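Subject: Two-chain model, handover and notes

Hi,

Here is the structure I promised to pass on. Please open it next to this message.

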Amino acid sequence: MVIERPAAEKPLSLRLLSQLSPASTGIAPFIATILLLAVILLTVFSPWIATHDPLAMDPLKRLQSASGEHLLGTDAYGRDLFSRMILGGRTSLVIGIAAAATALILGVLIGLIAGYFRTADAIIMRAMDALMAMPSILIAIALVALNGPSIGSVIMAITVPEVPRVVRLVRSVVLTVREEPYVEAALALGSSTPKILFQHLLPNTMAPMIVQGTYIIASAILTEALLSFLGAGISTEIPTWGNIMAEGRQYFRLNPGIILWPGVLLTICVLSINLIGDAARDGLDPRMKKREA
Amino acid sequence: MTLRSRDFSDAPVVLEISDLVVRVSDRDLPPVLKGVSFDIRRGETVCLVGESGSGKSVTSLATMGLLPRNALHVEGGRIALNGQNLLDVSSAQMKQRRATDLAMIFQEPMTALNPVLKVGPQITEVLDLHTKLGRAEKKAKVLDIMRQVHLPDVERIYDSFPHQLSGGQRQRIMIAMALILEPALLIADEPTTALDVTTQQQILSLIAEMQQRHGTAVLFITHDMGVVAEIADRVCVMRQGEIVETGPIRQVLETPRHDYASKLLDAVPSLVPRPSRQAPPATPVLAAQNLGKTYRSGSFLGKKTEVRASHGVTFDLSPGRTLGIVGESGSGKTTVARSIMRLIEPTDGRILLDGDDIAHLTSSQMKPKRRKLQVVFQDPYRSLNPRWTIARSLTEGPLNYGVPYDTAIAEAKRLLKIISLPEDALRRYPHQFSGGQRQRIAIARAVMLKPEVLVADEAVSALDVSVQAQVLDLLDELQRQTGIAIIFITHDLRVAAQICDEVLVMQRGAVVEQGSAERVLHDPQHEYTRALIGAAPGRFWDFAARKPLVA
């Protein structure tokens with residue numbers, strides 16, 4: 001026979017799981033997963049773990065360094081840094097995940113349409129090119145400025161610049177898969193366009209989307225921090241890693257921990273997510289596998 | 001043209017493989033090769049024949065020392081080239097010996113050549129690595145071998161990139177590269193499988209000519225019995241990692257001893273058309289009138305280019321009849337199929353389905369017509385959605401037309417019986433089936449809607465001969481039961497001879513000959529049809545009857 005193909009294709013979930021075991025990827029993604037889980041647990045259960053009310057000010061204990069009472073010291077208003085940091089992590093993670101989810105959903109829908117309908121493609125892709133031509137942080141600042149600094153508007157501001165990247169990726173997958181004989185067979189069998197789009201084409205975009213999704217979460221967390229740092233983010237009533245660090249900027253000499261510790265958590269979080277994303281990409285895309293020497 | 005009957009008993013043995021055992025590394029599976037032994041003498045051609053997975057390619061890769069490391073390893077046996085055991089040679093020495101002592105050509109010349117380097121320098125690279133000739137000498141030698149493989153205008157081709165050459169020319173470059181250092185052994189792994197028949201014939205005679213000139217021993221790997229009859233001095237038939245039959249070509253083709261070899265020969269479709277069937281006086285279910293598709297490109301102001309992918313195709317197809325569309329790659333046969341299926345919109349002519357012109361219907365107008373027209377594609381690995389169960393694939397069509405799920409599943413079960421698959425196949429996924437089984441499932445899916453016309457686009461081309469025979473039988477059976485009309489698109493005249501009532505021969509987008517299968521194959525009128533029939537490998541031999549074909 002002429003055509004030879006690799007045999008069984010395991011379901012996506014199984015491939016992902018096997019990909020994250022230390023045996024197949026080496027130790028780095030494994031450690032990353034554990035660290036990320038630790039950060040997530042710390043932030044999810046922050047109301048119970050927190051040693052103080054993260055909003056309670058105590059003018060007498062401003063800018064204290066680490067002590068038995070305040071694990072990581074206090075900020076300029078005497079609020080407990082540790083409690084603020086883990087609660088702030090919750091907001092940061094929620095914003096990251098929500099922004100990634102919104103960007104994926106919008107991007108997948110627009111990408112499916114652009115990839116499948118040739119007339120829509122020309123218009124949509126030019127709009128996407130225009131979006132990509134603008135620096136994403138400027139778009140985000142402009143959007144927050146327009147809508148006020150609420151969590152919702154920050155999520156939207158982070159989402160919009162990410163959408164074109166997702167659209168491009170989905171479109172390229174659709175362009176290849178739509179030529180597959182099974183898609184043409186479905187057309188011949190009288191399947192409607194939505195059925196072809198969502199049942200035949202959509203599942204093929206899942207693997208690259210999972211990978212892209214992890215990168216978007218990481219970059220969204222960073223963008224949120226950056227927005228807060230630039231003063232265009234959520235007000236300090238709701239702590240996030242970004243605005244804790246922004247506030248700490250002036251007092252860096254007195255208590256460097258205010259910038260250091262949220263920064264460390266942020267770095268661990270983003271690095272872990274990126275490492276996991278890399279491992280998922282290597283596992284889901286056979287072309288990225290290292291070739292046998 | 002007859003079978004070869006040259007005697008090589010006096011010639012020195014070039015390659016001797018004995019008791020070669022190859023295993024899958026770090027897994028406890030039965031060996032891939034279970035003690036393979038054969039030899040090749042100077043100037044001789046030995047064919048390794050077998051179906052996919054029989055171990056032909058593993059044998060050749062083991063000989064070249066190119067088994068994928070960490071995946072397969074040689075466990076025992078001996079591979080002796082001119083008396084020296086290649087299994088004892090270090091990998092650095094082996095590197096040196098490839099090209100100088102043994103060389104290999106592959107199936108797909110496009111992927112074997114580097115697309116960003118000109119072909120001349122690619123051949124020269126072999127000389128750079130293995131000789132100490134001067135620049136001018138090297139170039140002269142390269143041009144000389146390019147002339148020997150009958151490339152036209154060698155100076156120009158020397159400076160061409162692979163994509164600027166045809167498939168046949170690329171394969172000639174590969175042969176030139178393999179033979180430039182006059183190796184003692186040439187391994188050819190399905191070197192003509194990706195080529196059209198007329199090109200295939202040229203490459204086969206080129207290999208024979210080069211072999212004669214240089215006295216090369218050739219190990220030729222193929223799945224095509226026709227090619228074997230054409231070039232082999234001796235044949236080794238492989239199955240499941242063993243050589244089940246070996247002997248001079250005439251002996252194997254006339255009096256095969258092993259059951260499997262006989263079965264393989266029986267499965268080769270004959271070039272003699274099957275007896276013609278009575279044409280029923282029915283009205284045609286499908287008719288094409290002057291059908292054509294022209295691709296127009298070019299910008300608003302720029303120069304417009306037109307490519308006529310097909311034009312002037314006219315035929316009638318009655319229920320229960322099979323029309324074959326035969327041609328080489330680029331002849332436009334698939335364009336015709338896609339136009340009829342309305343996967344593309346034709347630019348000229350009419351397509352009458354039950355008397356209604358469907359050539360320019362919109363997709364919503366087309367929907368009610370689609371159930372009458374179904375299609376089976378070439379590649380069984382891509383024609384079923386890998387993420388869907390067989391049940392979901394089979395019921396997709398009926399559910400689109402509002403058939404209740406229970407009725408659709410009942411019909412699917414009935415068809416599974418006809419295609420000889422168990423009922424529990426419904427719950428399984430495509431990757432759990434072999435290529436032949438998948439192709440039968442694809443056929444079942446196409447007939448779920450009880451269509452009037454089935455378009456089979458190279459539907460058996462990717463299958464092994466024995467599986468091919470089963471699929472052809474299935475189509476025949478379905479046609480007798482349901483009276484379905486079939487349009488069978490193929491490049492293989494043997495298959496066309498076995499299944500078609502009428503044949504339409506296409507070349508460069510145009511129909512050059514049209515008529516009953518018997519007439520076209522026995523008494524071809526057009527020069528191109530004659531060339532096509534003349535190039536069919538092994539056309540002088542009737543494999544199932546084990547004797548030469550008397551025309």
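My notes follow, chain by chain.

Bear in mind throughout that this is a predicted model.

Chain A

Chain A has 293 residues, and 40% of them count as buried. Its secondary structure comes to twelve helices and zero strands. Read from the N terminus, the order is therefore plain under the helix and strand assignment used here: α-α-α-α-α-α-α-α-α-α-α-α. Take the contacts in chain A with a separation of 6 or more: 67% of them join residues 24 or more positions apart.

One helix pair in chain A is worth a look. Helix α10(A) covers residues 193–229, and helix α11(A) covers residues 241–248. Their axes come within 7 Å and cross at roughly 35°. The crossing of α10(A) and α11(A) is right-handed. On the α10(A) side, the contact uses Glu224(A), Ala225(A), Leu226(A), Leu227(A), Ser228(A) and Phe229(A). On the α11(A) side, Trp241(A), Gly242(A), Asn243(A), Met245(A) and Ala246(A) meet them. By class, the residues of this contact are seven nonpolar, three polar and one charged.

Where the chains meet

How many residues does each chain put into the contact? Chain B gives 35 and chain A gives 23. On the chain B side, α13 (363–370), β16 (373–376) and α14 (390–400) each supply at least two residues. The side of chain B that touches chain A divides into 14 nonpolar, eleven polar and ten charged residues.

Helices α4 and α5 of chain B

Helix α4(B) spans residues 119–130, and helix α5(B) spans residues 135–148. Their axes come within 10 Å and cross at roughly 115°. This crossing of α4(B) and α5(B) is right-handed. Gly120(B), Ile123(B), Thr124(B) and Leu127(B) come from α4(B). They meet Lys138(B), Lys141(B) and Val142(B) of α5(B). The contact residues divide into three nonpolar, two polar and two charged.

Helix α17 of chain B

Helix α17(B) runs over residues 465–482, 18 residues in total. From first C-alpha to last, α17(B) reaches 26 Å, close to the 26 Å expected at 1.5 Å a residue. Which of its residues are buried? They are Val465(B), Val467(B), Gln468(B), Ala469(B), Val471(B), Leu472(B), Leu475(B) and Leu478(B). These buried residues pack against α11 (259–267), α16 (435–447), β17 (453–457), β18 (485–490) and α18 (493–499) of chain B. After α17(B) comes Gly483(B), with a positive phi near 65°.

Backbone angles to check

Two residues of other types also need a glance. Asn290(B) is not a glycine, yet its phi is positive, at about 55°. Asn290(B) is found in strand β11 (residues 286–297) of chain B. Is Asn290(B) buried or exposed? Asn290(B) counts as exposed because it has 12 C-beta neighbours inside 10 Å, and the cut-off for exposed is 12 or fewer.

Glu458(B) is likewise a residue other than glycine with a positive phi, near 50°. Glu458(B) is found in the loop between β17 and α17 of chain B. With 19 other C-beta atoms within 10 Å, Glu458(B) is partly exposed. A buried residue would need 20 or more.

Arg414(B) lies in helix α15 (residues 405–418) of chain B. Arg414(B) is exposed because its C-beta has 11 others within 10 Å. From Arg414(B) to Leu133(B) is 70 Å, C-alpha to C-alpha. In sequence, Arg414(B) and Leu133(B) are 281 residues apart.

Best wishes

Definitions and conventions. Residues numbered from 1 in each chain as written. Chains lettered and ligands numbered in written order. Predicted model: local features only at pLDDT ≥ 70, side-chain atom pairs only at ≥ 80, totals over all residues. Helix = DSSP H or I, 4+ residues; strand = E, 2+ residues; numbered from the N terminus. Expected span 1.5 Å × (residues − 1). Contact = placed C-beta atoms within 7 Å. Axes fitted to C-alpha atoms, helices over the stretch in contact; angles between N-to-C directions. Left-handed = near helix turned anticlockwise from the far one by under 90°. Nonpolar A, V, L, I, M, F, W, Y, C, P; charged D, E, K, R; others polar.
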